[in-house]
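This report describes a single protein chain for a reader with a computational background.

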Amino acid sequence: QVHLVESGGGLVQAGGSLRLSCAPSTPTFSTYVMGWFRQAPGKEREFVGGIHWNTEHTMYADSLKGRFSIFRGNAKNTVYLQMNNLTPDDTGVYYCAAGTVLRSAPREYLYWGQGTQVTVSS
């Protein structure tokens, strides 16, 4: 069992930035991939992007390329989602998830964080 602990959500004005973090509970994580998803009220869960833990290869939703980036921290035990130039359409609950293949479908992921709320005001 892998527990994922997220942090960093909050309220930000349009045009601002936020950085979310996700830390897995297990140190032997090199075979996993980490995905970020978001879910707005009344909408389906949407793939934001992901990173392979070992190679640090990343993949992003086409609509978010250039504004969002995913990377591992210097301590290498945390994955970050950097979000820039935020708009009200970015509002939602953001989740990190762990799986074995870097894909965009939520069903591919085995473990999920608790989610963190991001609210962007206009």
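R38 is buried, with a relative accessible area of 9%; here buried stands for under 20% relative accessible area, exposed for over 50% and partly exposed for the range in between, computed with a 1.4 Å probe on protein chains only. The model is a predicted one, in which local features need pLDDT of at least 70 and side-chain atom pairs count only at pLDDT 80 or more, while totals for chains, interfaces and linings use all residues. Residues are numbered from 1 along each chain as its sequence is written, and side-chain values use heavy atoms, with hydrogens and water left out.

The side chain of R38 forms a salt bridge with that of D90, at 2.8 Å from N to O; the term denotes a side-chain nitrogen of Lys or Arg within 4 Å of a carboxyl oxygen of Asp or Glu. D90 lies in the loop between strand 8 and strand 9, whereas R38 belongs to strand 4 (residues 33-39), so the pair ties together parts that are 52 residues apart in sequence. Strands (E, at least two residues) are DSSP runs, numbered from the N terminus. The side chains of D90 and R38 are also joined by a polar contact of 2.8 Å, a term for a pair of N or O atoms within 3.5 Å; within protein, one atom must be able to donate a hydrogen and the other to accept it, and residues adjacent in sequence count only if both atoms are side-chain atoms.

Beyond its neighbours within four places in sequence, D90 is in contact (heavy atoms within 4.5 Å) with R38, L64, R67, F68, N85, V118 and V120.

D89 lies in the loop between strand 8 and strand 9. Because its relative accessible area is 69%, D89 is exposed. The C-alpha atoms of D89 and S122 are separated by 9.7 Å, and the two residues are 33 residues apart along the chain.

## Other salt bridges

The structure holds 5 salt bridges. One of them links D62 and K65, whose closest N and O atoms are 3.3 Å apart. D62 counts as exposed at 64% relative accessibility, and K65 counts as exposed at 52%.

Another salt bridge brings together the side chains of R103 and E108, at 3.5 Å from N to O. R103 counts as partly exposed at 44% relative accessibility, and E108 is partly exposed with a relative accessible area of 24%. Salt bridges that share partners join R38, E46, R67 and D90 into one network.

An open sheet is formed by 4 strands in the order 1-3-8-7, with antiparallel pairing; two strands pair if DSSP finds at least two bridges between them. Strand 1 (4-7) and strand 7 (68-72) are the edge strands, each pairing on one side only. On average, neighbouring strands of this sheet are turned by 15° against each other, direction ignored; axes are lines fitted to C-alpha atoms, and angles run from 0 to 180 degrees between N-to-C directions.

Strand 7 pairs with strand 8 (residues 79-83) in the antiparallel sense over 5 bridges. Within this region, F68 stands opposite M83 in strand 8.

## Nonpolar cores

In soluble globular proteins, nonpolar side chains tend to be buried together. The largest nonpolar core in this model has 27 residues, and those with the most contacts inside it are L4, M34, W36, F68, L81, M83 and Y94. Such a core is a set of buried Ala, Val, Leu, Ile, Met, Phe, Trp, Tyr and Cys residues joined through side-chain atoms within 4.5 Å. At least two residues of this core come from each of strand 3 (18-24), strand 4, strand 5 (46-52), strand 7, strand 8, strand 9 and strand 11 (116-121).

Leaving aside neighbours within four places in sequence, Y94 is in contact with residues including E6, L20, F37, R38, V48, F68, L81 and M83.

## Strand 2 and V12

V12 is located in strand 2 (residues 10-13) and is buried, with a relative accessible area of 12%. V12 and L86 are 74 residues apart along the chain, with 8.1 Å between their C-alpha atoms.
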